[in-house]
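Subject: Structure handover and notes

Dear colleague,

Here is the structure for you to look at, with my notes on it below. Please read the notes with the coordinates open beside you.

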Amino acid sequence: MNPNQLENCETKAVRTYFTDVDKTACDTLRARYGALVPPERLSAMDEAPSQFDSPKEFRKAFRSETGERADAGVVGFTQSGTSAHISTKSLESVPGTVLHERLHQLSDPKAEKVLGHDLYEGMTEDLALKNLGREPELGDPTAYPADRARAHELRNAVGSEVVDRAYFQGDAESLRRALDEKLRGMQSERIQSRLKGLEPLKS
């Protein structure tokens, strides 16, 4: 096999890997959250396969679709109604990034407004890591670490069911009630302070 043939085989294998990662992410999220998400949102996810870009292609796509320059740490983005773009700069980060962007596609359109941008991104990353099945190792690049920590603490405080309804269905009222009840009964001043520091929920 000559070098060109070898390169073509390697490229094909990598592309197959990306396609498999994307399909696995969609299948996993549909199985876990399909009952919370309207069928049309699930269909829209299926009809928009993720795009896997070289770092140069990723920066170009980001500028083209957002009108802004991608920060150095950005490795994925999703615009409403379009395919997610995933940077292939770090192959190790691809599965988690795919899950993060696919979760954005499944989230309720009101979720970011209801939760506030920072908590919304933190919840997205917390869900991505939950579905990835492992925590980042020391030194691994992480997305929204502080926001994810707050989202994870919120999930532990009020439960996954309430958080998932807020994220996938835009149900702010159930989350607000659960927070109020939890705050009334909490003895930990540290957790009270952290939860009270969240942006006000919007209806």
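For the accessibility terms used throughout, buried means under 20% relative accessible area, exposed means over 50%, and partly exposed lies in between, with a 1.4 Å probe and protein chains only; the areas themselves come from the Shrake-Rupley method, in which only the protein chains shown count as cover for residues. On that scale Arg69 counts as exposed because its relative accessibility is 69%.

Please keep in mind that this is a predicted model, in which local features need pLDDT of at least 70 and side-chain atom pairs count only at pLDDT 80 or more, whereas totals for chains, interfaces and linings use all residues. Residues are numbered from 1 along each chain as its sequence is written, and side-chain values use heavy atoms, with hydrogens and water left out.

Overall fold. The protein has 10 helices and 3 strands, where helices (H or I, at least four residues) and strands (E, at least two) are DSSP runs numbered from the N terminus. Their order from the N terminus is α-α-β-α-β-β-α-α-α-α-α-α-α, and of the 203 residues in the protein, 43% are buried.

The positive patch. Arg69 sits in the loop between helix H3 (55-66) and strand E2 (76-77), and together with Lys56, Arg59, Lys60, Arg63 and Lys89 it forms a positive surface patch. Patches are made of residues with over 30% relative accessible area and no salt bridge, like charges being joined within 9 Å and nonpolar side chains (Val, Leu, Ile, Met, Phe, Trp, Tyr) within 5 Å. Lys and Arg count as positive and Asp and Glu as negative, while His and the chain ends are not counted; a charge is placed at NZ of Lys, CZ of Arg, CG of Asp or CD of Glu.

Helix H2. In H2 (residues 39-46), Arg41, Leu42 and Met45 are buried, and because these buried residues fall within an arc of 100° when seen down the helix axis, they line one face of the helix; the arc is that of the directions from the helix axis to the C-beta atoms. Pro39 and Glu40, on the other side of H2, are exposed. Ala44 also belongs to helix H2 and is partly exposed, with a relative accessible area of 40%. Its C-alpha lies 9.0 Å from that of Thr82, although Ala44 and Thr82 are 38 residues apart in sequence.

Salt bridges. A search of the whole structure gives 14 salt bridges, each being a side-chain nitrogen of Lys or Arg within 4 Å of a carboxyl oxygen of Asp or Glu. One of them joins Asp108 to Arg41, with the closest N and O atoms 3.6 Å apart; since Asp108 lies in the loop between helix H4 (94-106) and helix H5 (111-115) and Arg41 in helix H2, the pair ties together parts that are 67 residues apart in sequence. Both Asp108 and Arg41 are buried.

Asp126 takes part in a salt bridge with Arg148, the closest N and O atoms being 2.8 Å apart. Asp126 lies in helix H6 (residues 117-132) and Arg148 in helix H7 (residues 145-158), so this pair ties together parts that are 22 residues apart in sequence. Asp126 is buried at a relative accessible area of 3%, and Arg148 is buried at 12%. Arg155 meets Asp126 in a salt bridge as well (3.3 Å, N to O), and this pair links helix H7 with helix H6 across 29 residues; Arg155, too, is buried. Lastly, Lys23, Asp27, Arg30 and Asp46 are linked in a network of salt bridges.

Technical notes: Accessible areas come from the Shrake-Rupley method with a 1.4 Å probe; for residues, only the protein chains shown count as cover.
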